[in-house]
Amino acid sequence: MSKDVMAELKKDHISKLLTKGTRSDGRGFEEMRELKITTDYIKSAEGSARVQLGGTDVVVGVKLMVGKPFDDTPDKGVLTTNAELIPMASETFESGPPDKESIEISRVIDRGIREGHAVDLSKLCIEKGVEVWIMFLDVHVVDFDGNLFDAANIAANAALKTAVVPAKRAGKGEDYPLPLMHTPISLTAVKIDDKILVDPTHDEERVADARLTVTTIENGNLCAMQKGLEGSFSIEEVFKVIEMSRRLGAETRTRLPG
Amino acid sequence: MGGMTTDIKLIDENGRRVDGRTPDEMRPLKIEAGVLKRADGSAYVEWGLNKVLAAVYGPRECHPRHMQNPTRALVQCKYNMAAFSVDDRKRPGPDRRSQEISKITSEALSHVVFTEYFPRASIDVYVEVLQANAGTRCAGLTAASVALADAGVPMRDLVASCAAGKAAGVVMVDLGKEEDNFGEADIPVGYVPRTKEIVLLQMDGDLTHDEYTKGLNMAIKGCEKVYDIQRDALRRRYEARSLDSDIGAPEGVQKEVA
């Protein structure tokens, strides 16, 4: 209840600033927060990255193990994405089975990486129909100040780029770098009072009417999209966010390890 | 997308699709309102080979009570697939996909319901997929808004839903199962025709900007067709109701049957 009151008060404050063309942290509407990427952060993982996007801090680890392929894709590796919103990161996160929010976040991150073909899953086949590499992409949120979608997406891309297939450990030959194809980068924007702002903070997310995440690859093609919250977008607004995603995504892409 | 390969020709020499449709042709859609006795409102949708039921209970007291919102009602949708609705038996109970669909469907419906009329209440919407053949989230959302209207829940408009996508390089509306499994992209859309607002939007696959523009417009056109059929279903429902009341007319009153 007290949280609702605070959200109402903050909404007035945020709205007032928006009419003046600014945000509570002084950013422009189309300006991302400061981005810091640390790769090879976890030695026990096959690939890892820690990403700080403003006050949001996530660690992503990639683990690979040998397993059975799915019946309908016998010659492809398997990608599994999981996001854990642990109580450490926010007073609003609770331990226990994943709730609707973390399921949506997991699935949106997964969709970007999968549909953008970040990893060449066909090269993760060991023996068709018998053995393939099973890849786990685990997102651990340690500090939460909004826009988990993009922080986790960037961290996932960075972790994948440094990942090594542990073939030697599994007795499958020499280790080799994870076979990669594209770098699908997501951009999330929220709508508050008919204004569109990118990379929302937690306060902005709490008062937002609607949210849209658009994922693009290097050539500007779209590979994933997710609209959230109870508000709506006009067709023009959807295309505005697509344009922002292509432009800002290209900038983010240059920040990732080659 | 499914990521599977196939020998099926998704588009033949004459530009026809697997089931003989043209790219801008939807599968046949039938909607019936008020099909269940117990629920406050209900609808049945047959869309191609999809068979989907929606039931509405409420507005009623929201449980657990800590979920209650003192200023408005919650619209809570539960999307569920029957174990026998797909070729390989689906494990009963909620999985991550169905929980995500439940969430975005609830959000889309909340936008059109006058939730502020029913503080502390819950409006529960149950979507059951009895037979699935691609496009069940659109069929579910379409059925759910008719069921809400049938329950007499005050709404700004109906939400109509339809998808577009790409298969065999062709942008097309309302993907069927083969097109969904072996195609290149899918864009499900939920649309409020009266205000031209987009309330549900997802995308996965690979599309150029031009293809996406074409697809989104096709999906919205599809939504407009769905809307006409939804309204027709409700109109028929109310005609049927007025006949019912004639049957219950007091003795001696001459019934006028057209």
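Student: Which parts of chain A have the lowest and highest confidence?
Tutor: In this predicted model, the mean is lowest in helix H1 (residues 2-19) of chain A, at 79, and highest in strand E11 (residues 210-216) of chain A, at 98. The score is pLDDT, the predictor's confidence in each residue, from 0 to 100. Helices (H or I, at least four residues) and strands (E, at least two) are DSSP runs, numbered from the N terminus.

Student: What does chain A average?
Tutor: The average pLDDT of chain A is 92, and 98% of the residues score at least 70. As this is a predicted model, local features need pLDDT of at least 70 and side-chain atom pairs count only at pLDDT 80 or more, while totals for chains, interfaces and linings use all residues. Residues are numbered from 1 along each chain as its sequence is written, and chains are lettered from A and ligands numbered from 1 in the order in which they are written.

Student: Let's move to helix packing. At what angle do H2 and H3 of chain A pack?
Tutor: H2 (residues 100-115) and H3 (residues 148-161) of chain A pack at about 45°, with their axes 10 Å apart. Axes are lines fitted to C-alpha atoms, for helices over the stretch in contact, and angles run from 0 to 180 degrees between N-to-C directions. H2(A) and H3(A) are therefore oblique to each other; angles under 35 degrees count as roughly parallel, over 145 as roughly antiparallel, 65 to 115 as roughly perpendicular and the rest as oblique.

Student: And which residues of H2(A) and H3(A) meet there?
Tutor: From H2(A) come A:Ile105, A:Val108, A:Ile109, A:Gly112 and A:Ile113, and they meet A:Leu148, A:Phe149, A:Ala152, A:Asn153 and A:Ala156 of H3(A). Being in contact here means that the C-beta atoms, placed from the backbone, lie within 7 Å. By class, the contact of H2(A) with H3(A) has eight nonpolar, two polar and no charged residues. Ala, Val, Leu, Ile, Met, Phe, Trp, Tyr, Cys and Pro count as nonpolar, Asp, Glu, Lys and Arg as charged, and the others, Gly among them, as polar.

Student: Where does H2(A) stand relative to helix H1 of chain B?
Tutor: The axes of H2(A) and H1(B) (residues 96-112) come within 9 Å and cross at roughly 110°. The two helices are therefore roughly perpendicular to each other. The residues in this contact, A:Glu104 and B:Arg96 among them, divide into one nonpolar, two polar and six charged.

Student: How many residues of chain A are in contact with chain B overall?
Tutor: 26 residues of chain A are in contact with 28 residues of chain B. On the chain A side, H2, strand E12 (222-228) and helix H5 (235-255) each supply at least two residues.

Student: New topic: is B:Cys77 buried or exposed?
Tutor: B:Cys77 counts as buried because it has 24 C-beta neighbours inside 10 Å. The cut-offs are 20 or more other C-beta atoms within 10 Å for buried, 12 or fewer for exposed, and partly exposed in between. B:Cys77 lies in strand E4 (residues 74-81) of chain B and touches, among others, B:Leu109 and B:Val125.

Student: Which residues are joined by a cis peptide bond with omega of about 5°?
Tutor: Those are B:Gly58 and B:Pro59, and B:Pro59 is in strand E3 (residues 50-61) of chain B. A cis peptide bond also joins B:His63 and B:Pro64, with omega about -10°.

Methods. Contact = placed C-beta atoms within 7 Å. Lists of a residue's contacts leave out its neighbours within four places in sequence.
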